[in-house]
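The report below describes a protein chain, moving from its charged contacts to its helices and strands. Please keep the sequence and the model in view while reading.

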Amino acid sequence: MPHTAPAPGSPPSPPASPPRTPWWRTGRARVGFVLAVPVLGLLNAFLGFLMLLVALFLLWWGNAWRKRWKATATVAAVVLFGAVLPPAPRDNKTSDTVAEADAKTRSAGGSVSSPSPRNAADSGQEPKPTPGPEIPNYLGLRLDKAEERARADGFSTGDHDASDQDKAIWMRSNWTVCFQQADTSSDGARTIDFGAVQTGSPCPARDGGPIPWPRMPDLIGETWKAALKELSAVHVPSDRAYAVPIYGNDTLPDAGEYDEWEVCAHAPARREQITDGASVTLRLAAPENGCPAQTGDDNGSALLPDNDDDGDPDYLDPFPHDHTRNSTFPDGLTGSSGGSSGSGGSSNSSSGGGGWGGCHSRWC
């Protein structure tokens, strides 16, 4: 079909837009993959190796960069990956072979002697055997630090969850060593396996056992101040303990002013486990009010007496029988209403309107 020229005076058709490049084939993405190699390598050597393969593939496949740029980026990726790899264990084959030979000699009933000082030889004393290499103690260390030190001491390292939950270990900086087991293979290679729990969790009594979380003590009847001390004894810090009033229409005073308030209920309940990060709620009552008759884990359904229905419990209300005061005005009636009121308080007004003067409520 012959090509038809555009009509004179008509605008030219816009050129076709080039196909959009996928994000993972852009130059920034390729550089990002290279920089991700050491980051993943620090977390896990295998993940870092996989990222290295992906970065090398994207650097050379369908990349319009010059060849020397590709080669430079390749070398940089390999160097970055190598920089975060753990150091190879030192060669302790000779000392381990000697220790193994010593062990065989002892099991056969013989003794192993070491070069003794001149005075020991002259006195005719039996030289003492040389002890084998002592295994360093890494217990209580953060797992990543323990493995770093162990590799520097010539061990190949392994790790596992020391509890019965058998969780996978990813961020080693969030785990703490509870158990360690060292071993030497027939070829002299030394390995050590760490049993760890997540930081903040107590160590189990045995490797693979349940975590002995602390149990909630019975705090009913204790003051807020005394309850905090008992919680601290079971490793619950004060910033994880929260105070709330037991009565639904009550309000706590400022911090430090309810130290002597009484604990009427708490959650978790007595003898329940307090797991890592869990908060403790203590429901309190002022000493002059005491706890409700039925508390349990009260949800605030108990109420203090409020004779004038102004929202203030009577023990905090200077006018507990003032039935004429409008509850929507905590400062008293507006200036348009004056006169005396109920059985409590004066009717003089400092505002000049004849109503209550000043604030007579804790809501002010």
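## Terms and basis

A salt bridge is taken here as a side-chain nitrogen of Lys or Arg within 4 Å of a carboxyl oxygen of Asp or Glu. The model is a predicted one, in which local features need pLDDT of at least 70 and side-chain atom pairs count only at pLDDT 80 or more, while totals for chains, interfaces and linings use all residues. Residues are numbered from 1 along each chain as its sequence is written, and side-chain values use heavy atoms, with hydrogens and water left out.

## The chain as a whole

The secondary structure of the protein chain comes to seven helices and six strands, where helices (H or I, at least four residues) and strands (E, at least two) are DSSP runs numbered from the N terminus. Read from the N terminus on, the elements follow the order α-α-α-α-α-α-β-β-β-α-β-β-β.

Of the 364 residues in the protein chain, 29% count as buried; buried means under 20% relative accessible area, exposed means over 50%, and partly exposed lies in between, with a 1.4 Å probe and protein chains only. The chain exposes about 22,700 Å², of which carbon and sulfur atoms supply 56%, the areas coming from the Shrake-Rupley method with a 1.4 Å probe. Among contacts (heavy atoms within 4.5 Å) between residues at least 6 apart in sequence, 58% join residues at least 24 apart.

## Helix α6 and its buried face

Helix α6 spans residues 143-152, and its buried residues are L143, A146, E147, A150 and R151. Seen down the axis of α6, these buried residues fall within an arc of 130°, so they line one face of the helix; the arc is that of the directions from the helix axis to the C-beta atoms. The cover over the buried residues of α6 includes β1 (156-161), β2 (175-184) and β3 (190-198). After α6 comes G154, whose phi is positive, near 100°.

Side chains of opposite charge can pair when their charged atoms come close. In the protein chain the count comes to four salt bridges. One of them joins the side chains of R151 and E147 at 3.9 Å, N to O, and because these residues are four apart in helix α6, they are separated by about one helical turn. E147 is buried, with a relative accessible area of 5%.

E147 also forms a salt bridge with R172, the closest N and O atoms being 3.3 Å apart. This pair links distant parts of the chain, with E147 in helix α6 and R172 in the loop between β1 and β2, 25 residues apart. The side chains of D159 and R172 meet in a further salt bridge at 3.0 Å, N to O, and here D159 lies in strand β1, 13 residues from R172 in the loop between β1 and β2. D159 counts as partly exposed, at 22% relative accessibility.

## Strands and their pairing

Three strands form an open sheet in the order β1-β3-β2, and the pairing is mixed; two strands pair if DSSP finds at least two bridges between them. The edge strands are β1 and β2, each of which pairs on one side only. Strands β1 and β3 run parallel and are joined by six bridges, and H160 stands opposite G195 in β3.

Strand β4 (residues 241-245) has a covered face made of A241, A243 and P245, and an uncovered one made of Y242 and V244. Strand β4 pairs in the parallel sense with strand β6 (residues 280-285) over five bridges, and the bridge partner of Y242 in β6 is T281.

D312 is placed in the segment after β6 and is buried, with a relative accessible area of 0%. D312 and N249 are 63 residues apart in sequence, yet 7.2 Å apart in space, C-alpha to C-alpha.

N63 is found in the loop between α2 (45-60) and α3 (67-84) and is buried, with a relative accessible area of 8%. Not counting residues up to four places away in sequence, N63 touches R30, L58 and K70. The C-alpha atoms of N63 and T26, 37 residues apart along the chain, are separated by 8.7 Å.
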